[in-house]
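Me: I'm new to this structure and would like a close look at a single part. Could you take me through how the helices there pack, and what surrounds them?

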Amino acid sequence: VASTAGLSAGRGVPEPYSLLFIVLDSISDNHFSRKLPLCAKLLDELAVDHAANGEPSSASFRTLRYPFHSTVGDNTAPNTIAMLSGMGELTKPSFRTMAPGEFSWVFSEYAAAGFATLFADDSSDWFPQDWTRAHLRPQVHHTTHAFARCAAAWVPGNNDGYMDRRCVSQSKMSVEHLLQYTAEFMQNYRKVGRWGYVHILEGHEETGSVVGTVDAVLARFLQQMMQVHPRTFLLVMGDHGMRYGRYRGTLGGAVEYRLPLLRLVVPWAFARSHPALLSHLEANQRTLVTKYDLYQFQKDLLRLMTQGSVEAPSYRPLHLRSLLSRISPRSCAEALVPEPQCVCSLRHYRSESFTPTAAGLAVIHANRVISHINGILRLHPEVDPFCTRLLLERVRHLSTVEYEYSNSTGKSVLAHFVSFTTRAPARAIFEGTIRAGVVTGVFRTSAFSGADKRRCEPAAWRAGFDPMLCVCSVT
C-alpha cells in the first residue's frame, strides 16, 4: 500500500473515512425496490432526519436517494469510465481506444493519498469485465480473481441464466465469496482510508429476476459494514437500468434503463461535522445528477479529508458538479447526457405488434444489424477461423422510440430496438438499435459456453476483436 502518512488511525483514534461502491449491474431504482426488498427496507429506514429524532449514535447513518441519477452512455463501460475518470462520450469521443495508462483514474489519487484500493467483481471471466480487467485491475492494490461458475446451471437461450446458481462451491454463490473478500479488505486495512469498487453481475440477464438472489446476502453485508465500519460512505448504485429482455422494450423499461439506482449512505459523524455539506447532499436529491458528478464527488471528498476544504464549483465545467456542492437545475445537454440517454427526450415509445408491416420492418432492421456485424467481421480476417458469418433465423421483438432532440430544428428521430436469433448451427441471440437507418448499438445477449468459451472468446480477445460479436464456428 502507498504511503499512509497523516491518514492512519492510531490506538483509540476512529477509523479514517472510507468510500465503498456497491454497483449492481443493470438495475434501476424501481427494480431495486422490486427485487431486493430487504436491502431497500434497510436503506429506507435510514432515510430519516436524525436532527428531528434526537441525537443519533456514533454508528448511525443517513441514506439519501437520487431518483434523477442519469446514465451518460450506453452499457457499463462509458458509465464506469465517466464515474472513475471524468471522461465520456461527449468529453473524449476516442476514450474507447485509449490505453489504460492514458486515463487519469480517481482511485489513483486515493492511492497516492494513502488509501488502500480495491476492485472486485463476480464476473466469472465474462465480458464486459474483461474491459475492467485490462483498465482497472493493474492499477489498484487488490482485485478478485474471476470466480468459477456452475456450468451445469446454465440455461440455454436465457442470457446469463446460469447466474441464479453460479458459484465457487456448491454451498455458496459467487457473490458471497465476493462480499466476504470485500469485508476482509475493509477489516484488514481499517487503520487507513479505503476506496473500494464492487461490481455484482447478477442483474445482467433478460428475466429481471436473478438479481433478487443476492438480496439477503447483500443486506447482511451492508449491515455488517455499518456496524463494523461506521465512518464509511456507501454508494449502492447501478451502472444503468435493466438492459435485456422484453421489459426494456416498453416505455417503463426505456425510462428505467436511463435512471439507474443511486443511494448514498452517509456516516452520521460526517453529517454532524459538516452540516452545510449535508444540506447540499440532501438538496441534490431533487435534481439531475450523473456519473460525472459522482466523479467530482470523489475528488471533493478526498480533498476534504486531506486538505480540509472542498473546491469551489465555479471553477469547474457545468457538467462536473459534485454532490457536495449545490447543483442547480441543468438540461441534459448542459450535464453532458447524450440525447439517446436523456429521459426528457423520450417522447413516444411503443412495442410493435407483429402485423405484416411491422414484421417486415423487424426483419429489415434485424438484417441491418447482421450486415453491420458481418461487415465488421470482414474487416478482421484474422477471426475467420473461429467467428462465423451470421444469417437471420427469426425476430423475437421490435420496439420503436421517438427521441425529441433539443436542437434548432426541433425535429425528432425514430429509433428501433430489435431482438433476434441467428441461424443454427451458429445460433445466438442478438439485440441491436437502429437510429435514422444507421446501426448504433449491437449486443450479443446469449452467454458463451462450450467451444465459444474455451476457444473462440480468448482467440477473439487476442485478435483485438470484440467477442460479443463472435458466434463460434468451432464445434
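Reply: Let's start with a pair of helices. Helix α6 (residues 174-188) and α7 (215-228) pack at an angle of about 5°, with their axes 10 Å apart. Axes here are lines fitted to C-alpha atoms, for helices over the stretch in contact, and angles run from 0 to 180 degrees between N-to-C directions. α6 and α7 are therefore roughly parallel to each other; angles under 35 degrees count as roughly parallel, over 145 as roughly antiparallel, 65 to 115 as roughly perpendicular and the rest as oblique. On the α6 side the contact (heavy atoms within 4.5 Å) is made by E176, L179, T182, A183, M186 and Q187, and α7 brings V217, L218, F221, Q224, M225 and V228. Sorted by class, this contact has eight nonpolar, three polar and one charged residues. For those classes, Ala, Val, Leu, Ile, Met, Phe, Trp, Tyr, Cys and Pro count as nonpolar, Asp, Glu, Lys and Arg as charged, and the others, Gly among them, as polar.

A word on what you're looking at: this is a predicted model, where local features need pLDDT of at least 70 and side-chain atom pairs count only at pLDDT 80 or more, while totals for chains, interfaces and linings use all residues. Residues are numbered from 1 along each chain as its sequence is written, and side-chain values use heavy atoms, with hydrogens and water left out. Helices (H or I, at least four residues) and strands (E, at least two) are DSSP runs, numbered from the N terminus.

α7 has another partner, α2 (residues 37-45). The axes of α2 and α7 come within 7 Å and cross at roughly 30°, so these two are also roughly parallel to each other. Here P37, L38, C39, L42 and L43 of α2 touch D215, A216, L218, A219, L222, Q223 and M226 of α7. By class, that makes 10 nonpolar, one polar and one charged.

Now look at α2 itself. Its buried residues are C39, A40, L42 and L43, where buried means under 20% relative accessible area, exposed over 50% and partly exposed in between (1.4 Å probe, protein chains only). They cover an arc of only 160° around the axis, which puts them on the same side of α2; the arc is that of the directions from the helix axis to the C-beta atoms. Their cover includes α7 again, along with α1 (29-35) and the strands β2 (61-65), β9 (232-238) and β10 (262-267).

What about the way into α7? V214 sits in the loop between β8 (194-200) and α7. With 0% relative accessibility, V214 counts as buried. Leaving aside neighbours within four places in sequence, V214 is in contact with L24, L36, V175, I200 and E202. V214 and E176 are 38 residues apart in sequence, yet 8.4 Å apart in space, C-alpha to C-alpha.

Finally, let's step back to the whole protein. There are 13 helices and 16 strands, and of the 475 residues, 58% count as buried. Among contacts between residues at least 6 apart in sequence, 72% join residues at least 24 apart.
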